[in-house]
Amino acid sequence: MQTVTSLTSSPGVRQLVVGPEREGQRIDNALATLLKGVPKSMIYRLLRTGQVRVNGKRAKPDTRLTEGDTLRIPPIRQEERERPAAAPEAMLAQISEAIIFEDKHFLAIDKPSGIASHGGSGVSHGAIELLRAARPQDSLELVHRLDRDTSGVLVFAKTRSGLLGLQNAIRAGEVNKHYLCLMVGHPSRAKFDVNAPLLKSVMQGGERMVRVAEGGKPSLTFFKEMEQYPGSRLMQATLGTGRTHQIRVHAQHIGHPLAGDPKYGDKEANKRFRELGLNRLFLHAASMDFSLDGRAYAFSTPLPDDLRQVLDALGRKRR
């Protein structure tokens with residue numbers, strides 16, 4: 001990205017021209033790199049209030065940049081920047097131990113529940129910040145996201161070609177993602193799909209809420225029963241599209257929310273599952289596979305111990 005002089009800019013305003021290295025990148029991610037030390041909450045506020053513009057127009061957090069775009073960035077006062085605290089050694093060790101694959105282009109981890117994909121909204125250190133701190137010699141970019149409570153496969157790019165190639169494959173529907181989740185209740189069929197458009201809202205402070213709505217983006221999830229338990233079913237959820245909170249909202253939409261979901265779930269059911277030891281969202285990114293430049297990639301991670309123990313407790317109730 002190159003700086004461009006603008007005679008109409010007010011003092012402190014930057015006008016930048018997007019270079020090829022940021023082709024297809026989300027604007028919130030680009031700003032996180034360009035505005036070092038600025039909290040994610042402020043970046044979302046700048047976007048929400050229209051202070052950041054692309055080609056003179058207001059941009060949303062998920063707006064993707066195109067080479068040649070003109071990006072307007074308002075001045076940021078020094079007191080608005082944060083000096084990032086050093087990541088705790090225990091978290092650096094935890095994220096390093098979570099690595100399950102690495103080559104020239106990609107690094108994949110089995111993300112623990114409780115670690116966000118990236119920092120912001122009160123989170124000092126997400127997985128990407130921790131990996132960058134643990135491996136300062138590497139250039140790492142987050143390819144996709146998992147919710148903070150969701151465990152499982154999370155992939156990072158080590159090269160720009162890997163980042164763009166995998167992001168293009170995701171947008172083209174050429175990446176297979178399979179999740180394991182515990183649904184409350186008993187769906188009437190063992191195998192079904194939910195095809196319902198999802199509309200995302202970004203609340204003040206950057207919190208995201210999603211609902212089924214006619215004006216939303218087309219969204220498709222395939223569900224398949226894996227195991228039966230009292231008052232619940234272990235399901236495999238395969239993404240036909242990759243929308244924010246897609247599995248969680250589609251499960252809620254059909255009347256069978258995910259166990260332990262604090263945002264879209266059933267409070268009474270969540271209370272019953274807490275008594276069985278479930279202290280978080282029962283959603284695990286079990287596997288992800290794709291092909292890129294003639295090479296096939298496949299990553300998988302087992303159900304973590306805390307979720308397996310909940311299933312064991314449910315199994316004892318069944319007996």
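Guide: Before anything else, pLDDT is the predictor's confidence in each residue, from 0 to 100.

Visitor: What is the mean pLDDT of the protein chain?
Guide: The mean is 88, and 90% of the residues reach 70 or more. This is a predicted model, in which local features need pLDDT of at least 70 and side-chain atom pairs count only at pLDDT 80 or more, while totals for chains, interfaces and linings use all residues. Residues are numbered from 1 along each chain as its sequence is written, and side-chain values use heavy atoms, with hydrogens and water left out.

Visitor: Where does pLDDT stay under 50?
Guide: That holds over residues 1-10. Where pLDDT is low, the predicted coordinates should not be read in detail.

Visitor: Switching topic, how many salt bridges are there in the whole structure?
Guide: A search finds 11, taking a salt bridge as a side-chain nitrogen of Lys or Arg within 4 Å of a carboxyl oxygen of Asp or Glu.

Visitor: Which residue does Arg 135 form a salt bridge with?
Guide: The partner is Glu 102, with the closest N and O atoms 2.3 Å apart.

Visitor: Is Arg 135 buried or exposed?
Guide: Arg 135 is buried, at a relative accessible area of 16%, whereas Glu 102 is partly exposed at 35%; buried means under 20%, exposed over 50%, and partly exposed in between (1.4 Å probe, protein chains only).

Visitor: Which residues are linked with those two in a network?
Guide: Asp 138 and Lys 158 join Glu 102 and Arg 135 in a network of salt bridges.

Definitions and conventions:
Contact = heavy atoms within 4.5 Å.
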